[in-house]
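User: Please examine the side-chain contacts in this model with me. I shall ask about charged pairs and then about rings.

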Amino acid sequence: MLRVAVPNKGSLSEAASEMLSEAGYRQRRDTRELVMVDPDNDIEFFFLRPRDIAVYVGQGTLDVGITGRDLLLDAEVEAEELLPLGFAASTFRFAGPVGDFSKVEELEGKRLATSYDGLLRGYLAGRGIHAKVVRLDGAVESSVRLGVADAIADVVETGSTLKAAGMEIFGDPILKSEAVLIRRTGKGGAANGTVKEIDVLIRRLQGVLVARQYVLMDYDIRKELVEQAAALTPGLESPTVSPLRDSDWVAVRSMVPKKETNRIMDELYDLGARAILVSSIHACRI
């Protein structure tokens, strides 16, 4: 039975469970449940703190897990990213008092406060910068004002909290993070002979990602305009073209990016397409 770690709370939890549900897996109904078995899919889910998931997977206790890329790198364990999942995006950056820093090299010999000390130490070491890393569990932006640090490294969304604390972002992003599926690396990387089950999980999650990013578009168009229409809706391989009762017209079906739906519909209409319909994709395999 495949053993999967799922976040039990926070920004990752609801989105991860929703994605697994869309992929055809049973999910818990009560947030107090810590373990749930899905016998139809021969899989067992363990609901854990997001920060602990990489540790359990890295030690081989669980086969795979869903956590943040930042939490995976911060844990410094033998685990690797298998698949980015497209939600819980965040950016990890440096910030300091307004006017004090303009580039990362200026952090040499300084004190840096963060909740991600493993991730930060790895980043600094990779760039040959020697600085003291001060680990804090929260409210990192207050550390400079309280004299604990000279600058900070933290997850930044809008930057409004930093501005309120009299700080500004500087340097390039340390990391762009999102939710990822991970598994153990090194010796015993695929525990308990679960390679096939992991491959099935990956395909299902990839199917959800594609279904969220694409829609099906159907339309009728005159035969002589098919090539021009196909250039607008090439699909993943090529569009499906079917004859209609009127031999001068054909029906076309193709997958198109969801975010470009209305623009493509407008261009098809201008080209001469009619009866343009858009349908959601609930699941797929590519």
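User: Is R263 buried, partly exposed or exposed?

Analyst: The model is predicted: local features need pLDDT of at least 70 and side-chain atom pairs count only at pLDDT 80 or more, while totals for chains, interfaces and linings use all residues. Residues are numbered from 1 along each chain as its sequence is written, and side-chain values use heavy atoms, with hydrogens and water left out. Buried means under 20% relative accessible area, exposed over 50% and partly exposed in between (1.4 Å probe, protein chains only). With a relative accessible area of 41%, R263 is therefore partly exposed.

User: Which residue meets R263 in a salt bridge?

Analyst: A salt bridge requires a side-chain nitrogen of Lys or Arg within 4 Å of a carboxyl oxygen of Asp or Glu. At 3.0 Å, N to O, the partner of R263 is E267.

User: How many residues apart in sequence are the parts tied together by E80 and R183?

Analyst: The side chains of E80 and R183 meet in a salt bridge at 3.1 Å, N to O. E80 lies in strand 5 and R183 in strand 11 (residues 179–184), so the parts that this pair ties together are separated in sequence by 103 residues.

User: How many salt bridges does a search of the whole structure find?

Analyst: One of them joins R121 and E76 at 3.3 Å, N to O. R121 lies in helix 4 (residues 117–126) and E76 in the loop between helix 3 (69–75) and strand 5 (79–84), so this pair ties together parts 45 residues apart in sequence. The search of the whole structure gives a total of 18.

User: Is the aromatic pair of Y25 and F45 stacked or edge-to-face?

Analyst: Rings of Phe, Tyr and Trp (its six-membered ring) pair if their centres lie within 6.5 Å; planes under 30 degrees apart count as stacked, over 60 as edge-to-face and the rest as tilted. The centres of Y25 and F45 are 6.0 Å apart, with 75° between the planes, and the pair is edge-to-face.

User: What is the angle between the planes of F94 and F170?

Analyst: F94 lies in strand 6 (residues 90–97) and F170 in strand 10 (residues 167–177), so their pair ties together parts 76 residues apart in sequence. F94 is buried at 0% relative accessibility, and F170 is buried at 5%. The pair is stacked, with 5.9 Å centre to centre and an angle between the planes of 20°.

Note on methods
Helix = DSSP H or I, 4+ residues; strand = E, 2+ residues; numbered from the N terminus.
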